[in-house]
Amino acid sequence: MAAARQVGMEVSAENSNDAWPKWKIGLAVGAPIAVVLGGLWYVRRRRRNQTKKNKDENKSRTETQKPKAANSPSRNVPENSEKELSPSEKAQAEKNKGNKYFKGGKYDQAISCYTNAIQICPEGDKESLSTFYHNRAAAYEKLKNTKMVIEDCNEALRLNPKYQKALTRRATACEQSGDLTQALEDVTAVCILEGFQNPQSLVTADRVLKSLGQAKAKEEFKKRKPTMPSKHFIRTYLNSFLNDPVINESKALMSQQNGHSDETGAYQQALQKLGAEEFEGIIDLCTKEISENTQKATEARLLRGTFYFLCNQQKEALEDFNQVLAAELLDKRMKVNALIKRGSLSIQQEKNTAGLDDFATAIRIDPDNVDVYHHRGHHNIQMDRIEDAIRDLENAISKCTTFAPSHVQKSFADHKKAASQLMGMNLPLPQSVLQSYKNCVDMFPDYGDARALYAQALGDAGKFEEADREFSKAIELEPDNATALVHRGLLQLQWKQNMKEATAIINKAIELDPKCEYAYEVLGTLEVQKGPGSMEKAVELFQKAISLSRTESEMAHLFSLSDAAKAQLNVAKKLGINLPGLGAMSS
């Protein structure tokens with residue numbers, strides 16, 4: 001796969017995926033500490049006053065009694081008289097009792113007191129009522145009564161829509177009950193009200209987004225129609241194999257008589273199309289060859305399985321790979337190639353153990369095959385097993401020092417390792433990372449991915465002019481590399497803060513390759529950052545990216561971006577809040 005797709009932009013997600021913030025919520029009991037402390041102060045004050053009063057009375061007994069003046073006013077104040085409490089004061093008293101029960105773990109009694117407070121409190125005192133409902137929700141939460149938590153939070157928020165504790169508590173309850181859409185909207189509201197400054201809230205929102213995206217992707221992926229990816233994508237994938245027997249047979253055929261052969265069988269025609277990058281129709285030709293059960297049926301099945309895999313027809317691809325591996329007297333390189341592709345398919349389906357088992361089997365069969373180490377290293381990067389990835393790619397390079405993709409992947413793995421070590425520290429990218437990419441460019445000056453990744457690293461290091469020059473060279477080498485064009489657009493944003501120019505370049509990438517899912521994702525992310533007026537456009541772009549995504553995990557990530565944009569838009573409308581945009585950037 002194109003290594004250039006793996007390095008992310010800071011303003012997007014994934015590779016780009018780091019752009020959306022990480023969210024989490026802290027739970028709050030809601031018992032006002034100030035009330036408890038105030039009560040304690042009141043009791044102490046009364047005791048001090050009573051002590052002073054007793055001292056004064058004792059002193060008065062030792063003094064000579066003075067007769068009252070005849071005209072002294074008479075005080076006929078009845079003893080033990082108490083002022084009648086208002087309904088609001090009675091409600092507060094019930095709430096205070098409830099808080100004491102709550103602190104003591106007597107949640108049923110607390111609920112009873114909060115209920116009394118709700119019934120007594122005047123309807124016009126919305127702030128107090130919202131507090132009483134929320135406190136009762138907190139007690140229900142302790143009793144694991146999620147339904148009542150949600151109902152009471154609903155009432156609290158009806159009375160006070162910006163009540164952060166109630167939003168937080170309802171988000172938690174909705175997440176527990178499976179209503180992830182409402183949970184996301186509530187935690188989004190909390191994040192907005194907090195100005196996106198509370199890491200706990202951000203982590204919770206990130207978790208809810210991920211769960212919601214995965215649930216939606218699981219259903220949508222089943223309905224996804226097979227789509228042939230772009231020529232650049234297919235070319236990059238095929239070039240990531242050094243020892244693919246079918247690809248090598250196609251290259252040999254194309255080198256003979258300018259790609260023409262006296263043999264006119266369906267498989268031979270498929271090989272000719274493969275060499276000419278006329279990918280449409282290859283599956284049908286392979287199917288014809290298989291149906292005729294010729295000597296090349298197994299090779300045709302491996303080629304068909306490869307294109308099923310590329311077109312995301314996973315069930316059909318797996319069936320073909322299994323059939324190839326079941327064939328008798330199978331050539332070693334055919335078997336290893338099928339194991340690599342089946343292993344990659346399993347990892348793409350998040351069946352990592354099964355996938356890695358296939359790679360291990362392939363190594364036992366052919367321990368000197370560079371393709372096994374290269375592709376396992378690629379997947380180890382995806383799985384964040386960076387040390388394993390580095391070992392695999394070093395092995396790949398040791399098997400063939402002239403295979404450019406392994407060198408570039410190794411530099412990328414080193415880059416990712418360094419970035420993880422520097423996370424949270426305001427330190428520059430190590431010079432060793434830049435030098436590693438530079439070495440790749442020097443060794444393979446005509447390899448576009450090497451220059452594209454080097455350009456991204458230069459941009460990360462703040463060397464923007466050099467980065468722009470390298471992107472220009474990468475695009476000149478591979479004019480149909482839309483992903484490199486997207487990254488060049490992002491460089492303009494990072495370098496010049498020029499939203500207009502960045503957007504124009506990324507739109508050119510879409511003109512070049514309408515199937516470039518990454519371009520739609522990035523444009524959608526940029527629309528989100530413009531503010532609420534652009535949210536609907538952002539959602540449209542994310543939906544387009546979803547329709548082009550190749551894996552369920554990619555689709556889940558894109559659903560998360562889309563759902564985040566929708567949630568912010570809905571919250572802003574409901575609460576009448578203006579969301580911040582990229583005001584400092586030129587447009």
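By class, 5 nonpolar, 2 polar and 2 charged residues make up the lining of the largest cavity; here Ala, Val, Leu, Ile, Met, Phe, Trp, Tyr, Cys and Pro count as nonpolar, Asp, Glu, Lys and Arg as charged, and the others, Gly among them, as polar. The model is predicted, so local features need pLDDT of at least 70 and side-chain atom pairs count only at pLDDT 80 or more, while totals for chains, interfaces and linings use all residues. Residues are numbered from 1 along each chain as its sequence is written, and side-chain values use heavy atoms, with hydrogens and water left out.

The largest cavity holds about 40 Å³ of space, a volume being the space filled by probe spheres set on the points, which are joined across faces, edges and corners. Its lining consists of Leu-238, Asp-244, Val-246, Ile-247, Leu-302, Leu-303, Thr-306, Asn-337 and Lys-341. Two or more of these residues come from each of helix H10 (245-255), helix H13 (297-310) and helix H15 (332-348), with H13 giving the largest share, 3 residues. Helices are DSSP runs (H or I, at least four residues), numbered from the N terminus.

Confidence can be considered next. The chain has an average pLDDT of 85, and 83% of the residues score at least 70; pLDDT is the predictor's confidence in each residue, from 0 to 100. Over residues 1-81 the pLDDT is below 50, yet this stretch has 129 contacts in the model beyond near neighbours in sequence (contact: heavy atoms within 4.5 Å).

Helix H25 (residues 517-530) spans 21 Å from its first C-alpha to its last, close to the 20 Å expected, that is, 1.5 Å times one less than its number of residues. Of its 14 residues, 12 are buried, meaning under 20% relative accessible area with a 1.4 Å probe and protein chains only. The buried residues of H25 pack against helices H23 (482-496), H24 (499-512), H26 (535-548) and H27 (552-575). Just after H25, Gly-531 adopts a positive phi of about 125 degrees.

Tyr-437 lies in helix H20 (residues 431-443) and counts as buried because its relative accessibility is 1%. Leaving aside residues up to four places away in sequence, Tyr-437 touches Ser-411, Phe-412, His-415, Leu-453, Tyr-454 and Ala-457.

Notes: 1 Å grid on protein atoms, 1.4 Å probe; cavity = no way out; pocket = protein on both sides within 12 Å on 5 of 7 lines; lining within 4 Å. Buried < 20%, exposed > 50% of the residue type's maximum accessible area, 1.4 Å probe, protein only.
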